[in-house]
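Subject: A structure for you to look at

Hi,

Here is the structure I promised to pass on. Please open it alongside this email, and I will walk you through what turned up.

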Amino acid sequence: QVHVVESGGGLVQAGGSLSLSCAASGSIFSLNAMGWYRQAPGKARELVARVTSGHSTNYADDVKGRFTISRLNAQNMVYLQMNSLKPEDTAVYYCNAVGYFNHYQAYDVWGQGTQVTVSS
């Protein structure tokens, strides 16, 4: 099995910064991509940012220029630096990891989520 555990998050005022970390562990043969998603109350879960093992990134339009995703392959870690936070960034943030246990079996796992609250 593969597990991901998030850390970070919390309460911050609008305009402030927070950082999130996520560590993947377990039977990892390959870790193709790691990403951050968020879900606000009453809304669907949405992509925030994603990074591949080759460090290719993509971001949701509303976080571009404010959030930065980075990855430390050697430690199976992914980070999300969030700057210029807005109240609409308030959500539960989830870490996701996709890859393979071996040459044939894929995994797609989620963390339990961490709350980010931005006050106005």
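Glu46 is partly exposed, because its relative accessibility is 36%; that label covers everything between buried (under 20% relative accessible area) and exposed (over 50%), with a 1.4 Å probe and protein chains only. Its side chain meets that of Arg38 in a salt bridge, at 2.8 Å from N to O. By salt bridge I mean a side-chain nitrogen of Lys or Arg within 4 Å of a carboxyl oxygen of Asp or Glu. Arg38, by contrast, is buried, with a relative accessible area of 3%.

Before going on, please note that this is a predicted model: local features need pLDDT of at least 70 and side-chain atom pairs pLDDT 80 or more, while totals for chains, interfaces and linings use all residues. Residues are numbered from 1 along each chain as its sequence is written, and side-chain values use heavy atoms, leaving out hydrogens and water.

Which other residues form salt bridges with Arg38? One is Asp62, with the closest N and O atoms 3.0 Å apart. This pair links distant parts of the chain, 24 residues apart: Asp62 is in the loop between β6 (57–59) and β7 (67–72), and Arg38 is in strand β4. (Strands are DSSP runs of E, at least two residues long, numbered from the N terminus.) Asp62 is partly exposed, at 42% relative accessibility.

Another is Asp89, again with the closest N and O atoms 3.0 Å apart. Asp89 sits in the loop between β8 (77–82) and β9, so its bridge to Arg38 in β4 ties together parts that are 51 residues apart in sequence. Through shared partners, Arg38, Glu46, Asp62, Arg66 and Asp89 form one network.

Now to strand β9 (residues 91–100), which is largely enclosed by the rest of the structure because eight of its ten residues are buried. β9 pairs with β4 (residues 30–39) in the antiparallel sense over nine bridges; pairing requires at least two DSSP bridges between the strands. In that pairing, Ala33 has Val98 as its bridge partner. Val98 also stands opposite Asp108 in β10. β9 and β10 (residues 106–110) are antiparallel too, with five bridges, and a hairpin of five residues joins them.

Finally, the largest nonpolar core has 30 residues, with Trp36, Leu80, Met82 and Tyr93 having the most contacts inside it. Such a core is a set of buried Ala, Val, Leu, Ile, Met, Phe, Trp, Tyr and Cys residues joined through side-chain atoms within 4.5 Å.

Enjoy exploring!

Definitions and conventions:
Helices (H or I, at least four residues) and strands (E, at least two) are DSSP runs, numbered from the N terminus.
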